[in-house]
Amino acid sequence: MEEILQNIFNGILEGDRETVRTNVQQAIDAKMSPAVILNDSMVSAMAEVGKRFEEGEYYVPELLIAARAMKEGLALLKPLLAEAKVKAAGRVAAGTVKGDLHDIGKNLVCMMLEGAGFEILDLGTDVSPEKFVDAVQTGKADVICMSALLTTTMPNMVATIDALKAAGLRSKVKVMIGGAPVTDSYARQIGADGYAPDASRAVALAKSLLA
Ligand code: B12
């Protein structure tokens, strides 16, 4: 059992999708608890990936292939997790703001959050303030993650916060922002609840906002 979990852990660190897929399937066939498979191998591996990224040992490509390998295993686990009613860490609606088509960073944030046990509503790119509002109203998101890579689209983060206020929803949802041109002081200036400079710190931020 230990060996299977270790193989999944190593497979994610190495971005080896085949190893992750076969070992997760073996763990499922051996009737291991989906929560144990998720937390003791996959989430801990993604935490290690995040740590290596922060320490400059891993770069974006390693982050991407690790996240992809994790997704492969998650796809097998998802139906079982739903059955076992493993409580999601929270429901996150994420999107790149209106006018902006950059989605690599946003996708990384989604993958890391998913690996950490959050339920993700991926709204895609070019997401209007109305769509974010709808994700809170009908999608019941606890957290909104807005990404912007263009200085010209950053004001659409403000427009989204304004739309949430106008809909009377601002106090019901936490707002996280990020993207290369975004800063912590900008987050404070526009009244967001938090900013993170990368995907692994986005996970820590989401956890702290919902704690
Ligand atoms: C790849 C890229 C593209 C690709 C996007 C492909 C895709 N599917 O995403 C394409 C070619 C389509 C593109 C188009 C354009 N681009 Co471009 N692009 C880039 C580039 C080279 C890399 C961006 C990237 O993916 N980085 C890697 C990811 C992993 O990093 P990241 O996005 O920053 O995300 C991390 C963090 O920021 C954070 N994060 C991200 N989102 C969030 C959200 C939350 C909530 C949190 C907490 C954290 C977080 O976590 C992520 C992971 O660690 C940047 C240069 C750069 N240095 O950023 C230019 C750049 C962003 N692009 C730029 C420009 C100008 C454009 C165009 C206008 C070019 C043109 N004239 O057509 C168009 C705009 C299209 C549009 N409407 O969006 C400029 C922006 C300048 C500015 N100051 O506004 C840049 C900076 C290049 C430059 N130096 O001029 N681009």
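**Entry 1: Ser-41**

A helix here is a DSSP run of H or I with at least four residues, and helices are numbered from the N terminus. With that settled, I opened the model, which is a predicted one, and went to Ser-41, which I found in helix α3. Is Ser-41 buried or exposed? Ser-41 is buried, at a relative accessible area of 0%; the cut-off for buried is under 20%. I then checked what the side chain does and found that it reaches the backbone oxygen of Ile-37 at 2.6 Å. Setting aside the neighbours within four places in sequence, I noted contacts of Ser-41 with Leu-5, Ile-8, Phe-9 and Val-36.

**Entry 2: the sheet**

Next I traced the sheet. It is open and has 5 strands, in the order β2-β1-β3-β4-β5, with parallel pairing. Its edges are β2 (119-127) and β5 (194-195), each of which pairs on one side only. I looked at the pairing of β1 (residues 91-97) with β2 and found 6 bridges between these parallel strands. Gly-95 faces Gly-124 of β2, and Val-97 has Val-127 of β2 as its bridge partner. How much of β1 is covered? I noted 6 of its 7 residues as buried, so I wrote it down as mostly covered, given that buried means under 20% relative accessible area.

**Entry 3: helices on the sheet**

I turned to what packs on the sheet, still with the β1 and β2 bridges in view. Helix α7 (residues 155-166) packs there and touches β1, β3 (143-147) and β4 (174-178). I noted an angle of about 155° between the direction of α7 and that of β3. Helix α9 (residues 199-210) also packs on the sheet, touching β3, β4 and β5, and its direction makes about 165° with that of β4.

I stayed with α9 for a moment. From first C-alpha to last, its 12 residues reach 17 Å, close to the 16 Å expected at 1.5 Å a residue. Which residues of α9 are buried? I listed Ala-199, Ser-200, Ala-202, Val-203, Leu-205, Ala-206 and Leu-209. The buried residues of α9 pack against α3, α5 (104-115), β4 and β5.

**Entry 4: helix α2**

The buried residues I noted in α2 are Val-20, Asn-23, Val-24, Ala-27 and Ile-28. They lie on the same side of α2, because they cover an arc of only 140° around the axis.

I looked at the two ends too. At the start of α2, a side-chain oxygen of Asp-16 comes to within 3.3 Å of the backbone nitrogen of Glu-18. Just after α2, Lys-31 takes a positive phi of about 60°.

Most residues other than glycine have a negative phi. Lys-31 sits in the loop between α2 and α3 (34-54). It is exposed, with 75% relative accessible area.

I found another case in Lys-140, where phi is positive at about 55° although the residue is not a glycine. Lys-140 lies in the loop between α6 (129-137) and β3. Its relative accessibility is 56%, so it counts as exposed.

**Entry 5: Asp-142**

Asp-142 is found in the loop between α6 and β3. It is partly exposed, at 32% relative accessible area. What does its side chain reach? I found the backbone nitrogen of Arg-91, at 2.7 Å. Beyond the neighbours within four places in sequence, the contacts of Asp-142 are Gly-90, Arg-91, Lys-172, Val-173, Lys-174 and Leu-210. I also took the distance to Ala-180, 38 residues apart in sequence, and got 24 Å from C-alpha to C-alpha.

**Entry 6: Thr-183**

Last stop: Thr-183, in the loop between β4 and α8 (184-190). It is partly exposed, with a relative accessible area of 35%. A polar atom of its side chain lies 3.0 Å from the backbone nitrogen of Tyr-186. I also looked along the chain to Tyr-195, 12 residues apart from Thr-183, and found 6.9 Å between their C-alpha atoms.

Terms used
Residues numbered from 1 in each chain as written. Predicted model: local features only at pLDDT ≥ 70, side-chain atom pairs only at ≥ 80, totals over all residues. Heavy atoms only, no water. Pairing = 2+ DSSP bridges. Helix = DSSP H or I, 4+ residues; strand = E, 2+ residues; numbered from the N terminus. Contact = heavy atoms within 4.5 Å. Axes fitted to C-alpha atoms, helices over the stretch in contact; angles between N-to-C directions. Buried < 20%, exposed > 50% of the residue type's maximum accessible area, 1.4 Å probe, protein only. Arc of directions from axis to C-beta. Polar contact = N/O pair within 3.5 Å; in protein donor to acceptor, adjacent residues only side chain to side chain. Expected span 1.5 Å × (residues − 1).
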